[in-house]
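Thank you all for coming.

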Amino acid sequence: MQVYLPIAEMAVSPWLMATLGLVVGCLSGIFGVGGGFLMTPLLMLIGIPAPVAVAAGASLAAASSMSSVVGQFERRGVDLRMGLVISIGGIIGVGIGSLLFSWLKSQGAAEATVRIAYTILLGSLGSSLVWESLRAIAKSRAGGPPASFRRSTNDIAHLLPFKVRFPRSKLVISIIPPLAIGIGVGILSAIMGVGGGFILIPALVYIIHMPPNLVVGTSTLQVLITASATTFLQSAANGSLDLVLSGLLIVGGVMGAQVGVIIGRKLKGEQLRALLGALVLLVALRLAADLVFVPSTLFELSSPGGGL
Amino acid sequence: MMARFSLWMVLLLGLIIGPAAQAQSTQVSAALIDDAVLVTSSFTGAKVTIFGSVRAGSVGRTDIVVAVRGPDRPAWIAQRKRTAGLWIGKDQINFAAAPTFFGVASARPLEQIAPSDTLSLYGLRPKGQLDIAKASADSPLAETLIDAFVAQRQREKLYVDDPNGVKLLKGGLFRADIQMPDRTPPGLYTAKVMVFRNGRPAQSTLTTLVVTKVGAERALFEFARDHAVLHGLAGVLLALIAGLSAAGIVRRFAPG
């Protein structure tokens, strides 16, 4: 069976789409990431025009994060204030990123610079995540004290001015680091076209020193806000949101997110970080492979309809 | 209904005037079985069928070539390139207009019917139909990229060349089938029937068909186009409500 997509102007298998949604939704539930870094390239591989793929990925991320954030709120696993501060930063960041992107584009070899920088960033981030969390796991295996979560009071978040209380996280820190993290993630989203949840999580852990039980929920909230805004903007500005495609992905995605939350609850903080690190490393390897190996698709074409 | 009727008229006319016209010149008439292709939610492509009749002298060989061409749209192709050992950057050329669909059917390979310059001149080759944008015309890679563009669209079955697409029936009647894929976009399509006598174009006739979205497909497409802001809000709401209800369902059946 095939279903015709009115905006993408092509037919797809609804089962395949729902399965893709299920897998990506599950990741979203476990880690609190949007999954755009997986979804968009997969959809493009099937032949869906890039703008349609981006909009569909965003709407899937909005739905799966909505699905999982409900449970996170009930378990008091979301720092609402922190999530909002980061999201405000994110919106500012998207604005800066769009300007930066058009400036970089006018400078010629900019795309190359961005892609190389991104690969290196993800590579080092992924490997340090894996390294740190494996050490923490080994430590707790060895019978030592449970990996204590370092909550120093003289790190960067405490030294900067404009202190704000985050009661849920039991933190009184400067508002600058969370805002800056939000801006950084926003700039990345605008330039790379991904949500950036997998950068946000390590930032929450290592820079903000947020309690581990709040990290996934707060990141999910940020994904929910960013993905909803992206979905809306893609439709309003480019007309590239295909409601039929979104519907098919979402049916699988919201179910996958529920499964993901259950899996995520069974994992310890350091196990979660090790898995996330492995995922980030995989993405970095894929990007590196794209840079080094002869691409399987040497040519890229506009969609037959020509509109997108 | 109209299409069906005109089809019979064509066939009838062919039978009546055929023998009379034989002595002077080649005569061709053709009609589509359906002059509208409806794109519904289960659309996976369509077959366009043309019936017609041809009257030509008995000396030499008569060939019938049918071409169906979709509406022109702007297009581009980019080739990724390697700089300093890394696959970064790309070369792109733009087309001011390229046929979205280009299907040719004949009873034997086109190269055997007429020389290639004739085929190009009479618009039976997709390559000759591409209108490259001015800014891209001087690109040293233009030739490579145009060939790659045609090849890719052939792989996607948007540009097809079917040497078995035309069936010659008895009494100068013929039938042509051209398959359009699901990705063929809506718009006004032109069908051209050409008669070749001994490798020379002798006669041709044109007819049109419409590919159009209907029902839910049309409603959604027009909603997205005419009310972009509302459509965006609907998309966000759809996502949020779906997420909420999934969470609600799971909580009801699997508490804790």
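Let me begin with a question: how many of the six residues of strand 1 of chain B are buried? Before I answer, a word on what we are looking at. This is a predicted model, in which local features need pLDDT of at least 70 and side-chain atom pairs count only at pLDDT 80 or more, while totals for chains, interfaces and linings use all residues. Residues are numbered from 1 along each chain as its sequence is written, and chains are lettered from A and ligands numbered from 1 in the order in which they are written.

Now the answer: six of the six residues of strand 1 of chain B are buried, so this strand is largely enclosed by the rest of the structure. By buried I mean that 20 or more other C-beta atoms, placed from the backbone, lie within 10 Å of the residue's own C-beta, whereas exposed means 12 or fewer and partly exposed means in between. Strands here are DSSP runs of E with at least two residues, and helices are runs of H or I with at least four, each numbered from the N terminus. In a regular strand the side chains alternate between the two faces of the sheet. In strand 1 of chain B both faces are covered, with Q27(B), S29(B) and A31(B) buried on one side and V28(B), A30(B) and L32(B) buried on the other.

Which sheet does this strand belong to? It is an open sheet of four strands of chain B, in the order 1-3-11-10 and with antiparallel pairing, where pairing requires that DSSP finds at least two bridges between two strands. Strand 1 (27-32) and strand 10 (166-168) of chain B are its edge strands, each pairing on one side only. Neighbouring strands of the sheet are turned by 20° against each other on average, direction ignored, the axes being lines fitted to C-alpha atoms and such angles running from 0 to 180 degrees between N-to-C directions.

Going through the pairs, strand 1 and strand 3 of chain B are joined in the antiparallel sense over six bridges, and V28(B) stands opposite V54(B) in strand 3. Strand 3 (residues 45-55) is in turn joined to strand 11 (residues 173-181) of chain B by nine bridges, again antiparallel, and there T49(B) has D177(B) as its bridge partner.

Let me turn to helix 6 of chain B, residues 215-226, whose 12 residues reach 16 Å from first C-alpha to last, close to the 16 Å expected at 1.5 Å a residue, that is, 1.5 Å times one less than the number of residues. Here E217(B), L220(B), F221(B) and A224(B) are buried.

Finally, two residues whose backbone deserves a look. H209(A) has a positive phi of about 60° although it is not a glycine; H209(A) sits in the loop between helix 8 (197-206) and helix 9 of chain A and, with 19 C-beta neighbours inside 10 Å, counts as partly exposed. K157(B) likewise is not a glycine but has a positive phi, of about 65°, and lies in the loop between helix 5 (142-155) and strand 9 (159-162) of chain B.
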